[in-house]
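Please look over the model below before reading my comments. They are meant for someone who has not seen it before.

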Amino acid sequence: MGLSLGMAACLLILQYVNFELSYDHFNDNASDIYRVVNDRYQNNKLIQHGTITYSAVSKAMKDDYPEVANYSRLLPTGTQIITYNDKKIPKEGSIAVDNSFLSMFSYPFLAGDSKTALKEANTVVLSEKLARKLFDIHNNNFDPYIGKMITVSQDTFPSKVVGIMKDVPENSLLQFDMILSYQTIIHSYGNKQADYDFTDSDYWHYIQLKPGTDYKAFNAKLGAFSQRHFQGNKVSGSVEKFYLQPLLNAHLYSDTEYEIGQTGSSNVVWGLLIIALFIIGIAWVNYINLATARSVERAKEVGVRKVTGATRGQLIRQFLTESFLINVIALIIALVMVYLAQGIFNDLVQHQLSFAYLFKKGLGGYLITISLIAIILVGIFISGFYPAFVLSSFKPILVLKGRFSSSKKGAVLRKGLVIGQFAITVVLITGSFVVYRQIKFMNSQKLGINIDQVLVINGPSVVKQDTTFVTRTRAFVNEMDQIPGVKNAATSFWVPGNEMGRNFGVRAFDGDPNTRYTMRFDGVSADYLKTYNMQMVAGRNFVETDYNPDFQKLHNVILNQNAIKTLGFSSPASAIGHSIMNGNKKWDIIGVVADFHQKSLRYTIEPTLLEPVLNIQSQISIKIDAKNIEATVTAVKAKYMSFFPGNLFDYGFLDEQFNAQYKNDELFGKAFSIFGSFAIFIACLGLLGLSLFATLQRTKEIGVRKVLGASISNIVLLLSKDFIKLVVIAIGIAIPIAWWILHNWLQDFAYRINISWWIFGLSGIVAIAVALATISFQAIKAAGANPVKSLRSE
């Protein structure tokens, strides 16, 4: 049972670990592909660490360095509505890339020519899933659909379908269903800055180095690249530093801002891998302990076999074969357990995993697969070899005369293994408490905004940005107030949980013109603060007269407290009426809002500007009553479709979107608790077995003590105290280890709990209680037995 549970838990965890490590290994050129990371410094301080940068960067690197074999620019194009004839389909996963992207990455085509597909403007490549849905395809012949014309969102021109590719694998950093030609962005959308520019940083880049190039040595050259193109901070206002991040590291080792890929957490992956090794280790320790503890029972068998001519080698082979068979049987049962638990585990990790992922290529090639096989083989050998060595060493004369007793060395080893088991157990119990409390802390912390019962609608994508758009948007927001169940409504470029944009040249109007600061910004409607219940600490909120379709006529701005402090004002009230410069534009401070968390508590609150801007990209936030939500959403949809015909009603609830930022942490917490419980249960199985054999060895002693008047509690204490001593020692060893591991884990959070002393005390109490309950089960049974029977059998 112990081996089967340990192996099953280990196999489930390794499926997830190998899946996470397999990201982007399907690309043939994966080991030579890198993405460009751009760090920005202002006033000797890191102000941005992200993969978003200037459109000219990758082409400039190709021109400057012969090591660069290829490059592609990438621009996420957000939510798109794709129209074919009268059919409209929404797609969020769309990107614009250079044609070279298709030769760098391995996304196989089902129809079309990948070598030339995206050379021209107004061309698109669709995924198989999207093509089947759009063109109603029911066979595997996609060629007839090459050349079809579709319309993307508000485009005034059609786009030609030039390729249909296989769906993007689940273990791909980039997830998309449609690729647009990058030439469309430059020529058809008229965005000349997208071609070659060092001032507008809204683009992502992938570089392919020539085989054998040391990317670390290449990174060392990029200081000169920055100086050559940016001349310190003269070009962009910031000191720009660049380096390449290997594509194969991007999924698990990314702490960048403006992330557009599917990122995971290396802490979660390696943490679960360690738990898997702990669990299987505990299971094998149990086997060794129980096999050697049974040595007294099998001593006479060994003696008889030796007397009848068995050699030590034959006995070792016998016991190794027994061990191998028990491990194989346990593995078969474990495979059945994994099969039965697969669906539940997939729901937990939110991926469709299977046994196949145990054999996927990942970081280090097939290291995990090879290690898994090696661990099982080594574990079987070690767990069988030591008991075989012990049992085969018995001297037959002593055994057959009845003068055999288990060795002190064996007892010491078993005690050491028990201590090791429970030290691991205490670490896992403590970890479960700390992870749970940190996640609870983040979910319960006041954000400075109220995100409960907020319906968020993506702004219309099939609509033109013109002078009537502001009027229509304002009218729509006002109409929301007339719907029963709607409390407030507002629009904003970004909602809480989104990555806001940044302005890099902010300074006090009457301050040092050479001292500039970087601040987040958002364009919001007048009811934004009211909708999110944000607190004004000085000045006033926006009013309708602060808005104008002409951006150059806007001049009022609201800052958060952090921004006021950054600009050097003594208090929020003292900032009211003063002006700031944002680039070359002057803004007047009319209000100060209390600091609020735009992102998760992993990140600090940054200086922020709120501007009175309405835009086609704005999202619509609607505060609704908790009663009759379905009817309210239906009414909101009807109004939306009447104001913005031709668009799709794409909505969600903000609290769910915001809390999705904690997905990796919550997964870690759940997995830690579940598999930690597995480890504790398996350790208890071992302790139960050891207490059983310890009781059997002391049967006569227990009988004598009972005849002499010992109570049941006396007997239980006698049988329990030795084991409890071992658990106490394990607690002493585990506490500093647990503190070190958890202290380092918490450093990833800007806002975190303190690890209180009582957590370690509670973990110790739980460990002792679990051990005592396990041991007492057998001890009470033994103490309640009739002493006459035990003495008579002796």
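1. Basis. This is a predicted model, in which local features need pLDDT of at least 70, side-chain atom pairs count only at pLDDT 80 or more, and totals for chains, interfaces and linings use all residues. Residues are numbered from 1 along each chain as its sequence is written, and side-chain values use heavy atoms, with hydrogens and water left out.

2. Overall build. The protein contains 24 helices and 24 strands; these are DSSP runs numbered from the N terminus, helices being H or I of at least four residues and strands E of at least two. Along the principal axes, the C-alpha atoms fill a box of roughly 105 × 60 × 55 Å.

3. Of the 794 residues, 51% are buried, meaning under 20% relative accessible area with a 1.4 Å probe, protein chains only. Taking contacts (heavy atoms within 4.5 Å) between residues at least 6 apart in sequence, 79% join residues at least 24 apart.

4. Strand β1. Residues 33–42 form β1, and nine of its ten residues are buried. Which strands does β1 pair with? With β12 (residues 204–209) it is antiparallel over three bridges, and I33 has Q208 as its bridge partner there. With β13 (residues 239–246) the pairing is also antiparallel, over eight bridges, and V36 stands opposite L244. With β2 (residues 45–50), five bridges form an antiparallel pair, where D39 stands opposite H49. Pairing here requires at least two DSSP bridges between two strands.

5. The β1–β2 turn. Two residues lie between the strands of this hairpin, and N43 takes a positive phi near 55°.

6. Nonpolar core. The largest core has 109 residues, of which Y16, Y532 and F675 touch the most other members. Its largest share, 14 residues, comes from helix α1 (residues 2–21). Such a core is a set of buried Ala, Val, Leu, Ile, Met, Phe, Trp, Tyr and Cys residues joined through side-chain atoms within 4.5 Å. Leaving aside residues up to four places away in sequence, Y532 touches I449, N450, V454, V456, V495, P496, S621 and L654.

How values were computed:
Buried < 20%, exposed > 50% of the residue type's maximum accessible area, 1.4 Å probe, protein only.
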